[in-house]
Amino acid sequence: MTPREILKVSPIIPVITIENAKDAIPLAKALIQGGINIMEITLRSDAGLEAIRNVAKEVPDMVVGAGTVINTKQYDEVCEAGAKFVISPGFTVTLLQHAVSKDDIPLIPGVTTASEIMTAVEYGFDTFKLFPANIVGGVTLLKAFRGPFKDIKFCPTGGITMNNMDEYLKLDNVLCVGGTWLTPKEEITNHRFHNIVKFCEKALNSIIVC
Ligand code: 3PG
């Protein structure tokens, strides 16, 4: 899949940090039941890599990606584990070059500035994570980027919830938003996956984009 196809799978990408790799399987099934068949599992915990592997193997309908990938070693590890896409909070040119040379699993690099977009465009990238969206300028910044970067698309994450996601989803340069609010840590560790199904349904039903 291309980065844009990835970001069009669902208007919301749950960003998940998982403590027990086994929990990733019922979590992935709950997300699908709630209507979301894409998830970003971060490498912010030791269980992240194994969690990606588990979902890739056991829940084939889930488009599972890896998040918080910050170097080429991690990029290779998550690809080997079965990640279908890779997201990084920022980028290094080394990471961009590595992803281009592999050309198998799409990298969606994080950006916050015009210069970063210009640099990554030089390496063939046109689809980015904006992170941390609410801190670096949010909706106002994305509107400003429409002028110079009319062909560039974003997935903003960081500080996005059900209360403000619509303002982002309305923008024509935003393909989807990402966030942690659909998958609270306490619901996962206490195995309250039915609540996660409800959070997904509520979030999807509340999207009013026109
Ligand atoms: C990310 O990496 O996308 C962010 O950590 C999301 O964070 P938040 O939704 O909790 O603000």
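Trainee: Why does lysine 102 count as partly exposed?
Mentor: This is a predicted model, and the value is computed from it. Lysine 102 has a relative accessibility of 37%.

Trainee: What makes lysine 102 and aspartate 76 a salt bridge?
Mentor: The N to O distance is 3.2 Å. The cut-off is within 4 Å, for a nitrogen of Lys or Arg and a carboxyl oxygen of Asp or Glu. The pair of lysine 102 and aspartate 76 therefore qualifies. Lysine 102 sits in helix 5 (residues 93-102) and aspartate 76 in helix 4, so the bridge ties together parts 26 residues apart in sequence.

Trainee: Is aspartate 76 buried, partly exposed or exposed?
Mentor: Aspartate 76 is partly exposed, at a relative accessible area of 29%.

Trainee: How do you know that glutamate 80 and arginine 53 meet in a salt bridge?
Mentor: Their side chains are 3.3 Å apart, N to O. That is within 4 Å, so the term applies. The two residues belong to distant parts of the chain, 27 residues apart: glutamate 80 to helix 4 (residues 72-81), arginine 53 to helix 3 (residues 48-58).

Trainee: Why is glutamate 80 called exposed, and what is arginine 53?
Mentor: Glutamate 80 has a relative accessible area of 55%. Arginine 53, at 27%, counts as partly exposed.

Trainee: Which residue does aspartate 172 form a salt bridge with?
Mentor: Its partner is arginine 146, with the closest N and O atoms 3.7 Å apart. Aspartate 172 lies in the loop between helix 9 (165-169) and strand 9 (177-179), and arginine 146 in the loop between helix 8 (138-145) and strand 8 (153-156), so this pair ties together parts 26 residues apart in sequence. Aspartate 172 is exposed, at 53%. Arginine 146 is partly exposed, at 32%.

Trainee: Which residues do salt bridges that share partners join into one network?
Mentor: Glu50, Arg53 and Glu80. The structure holds 9 salt bridges.

Trainee: What puts the buried residues of helix 4 on the same side?
Mentor: Those residues are Gln74, Tyr75, Val78, Cys79 and Ala81. They cover an arc of only 160 degrees around the axis, which puts them on the same side of helix 4. The face turned away from that side carries the exposed residues Lys73 and Glu80. Cover over the buried residues includes helix 3, strand 3 (63-67), strand 4 (85-87), helix 5 and strand 5 (107-108).

Trainee: How do you know that the buried residues of helix 3 line one face?
Mentor: In helix 3, Gly48, Ala51, Ile52, Asn54 and Val55 are buried. Seen down the axis, they fall within an arc of 165 degrees, so they line one face of the helix. Among the elements covering them are helix 2 (24-33), strand 2 (38-42) and helix 4.

Trainee: Why is histidine 98 called buried?
Mentor: Histidine 98 has a relative accessible area of 17%. Buried means under 20%, so histidine 98 is buried. This residue lies in helix 5. Leaving aside neighbours within four places in sequence, its contacts are Thr72, Tyr75 and Asp76.

Trainee: Where does histidine 191 lie?
Mentor: In the loop between helix 10 (185-189) and helix 11 (193-205). Histidine 191 also has a positive phi, about 60 degrees, and is not a glycine. Histidine 191 is partly exposed, with a relative accessible area of 46%.

Trainee: Is the peptide bond from phenylalanine 131 to proline 132 cis or trans?
Mentor: That bond is cis, with omega near -10 degrees. Most peptide bonds are trans. Proline 132 belongs to the loop between strand 7 (127-130) and helix 7 (133-136).

Trainee: Which residues are closest to the centre of the largest pocket?
Mentor: The largest pocket holds about 250 Å³ of space. Of its 13 lining residues, Pro3, Asp103, Pro106, Leu107 and Phe125 are closest to the centre. The lining divides into 9 nonpolar, 1 polar and 3 charged.

How values were computed:
Residues numbered from 1 in each chain as written. Predicted model: local features only at pLDDT ≥ 70, side-chain atom pairs only at ≥ 80, totals over all residues. Heavy atoms only, no water. Helix = DSSP H or I, 4+ residues; strand = E, 2+ residues; numbered from the N terminus. Buried < 20%, exposed > 50% of the residue type's maximum accessible area, 1.4 Å probe, protein only. 1 Å grid on protein atoms, 1.4 Å probe; cavity = no way out; pocket = protein on both sides within 12 Å on 5 of 7 lines; lining within 4 Å. Points joined across faces, edges and corners; volume = space filled by probe spheres on them. Nonpolar A, V, L, I, M, F, W, Y, C, P; charged D, E, K, R; others polar. Arc of directions from axis to C-beta. Contact = heavy atoms within 4.5 Å.
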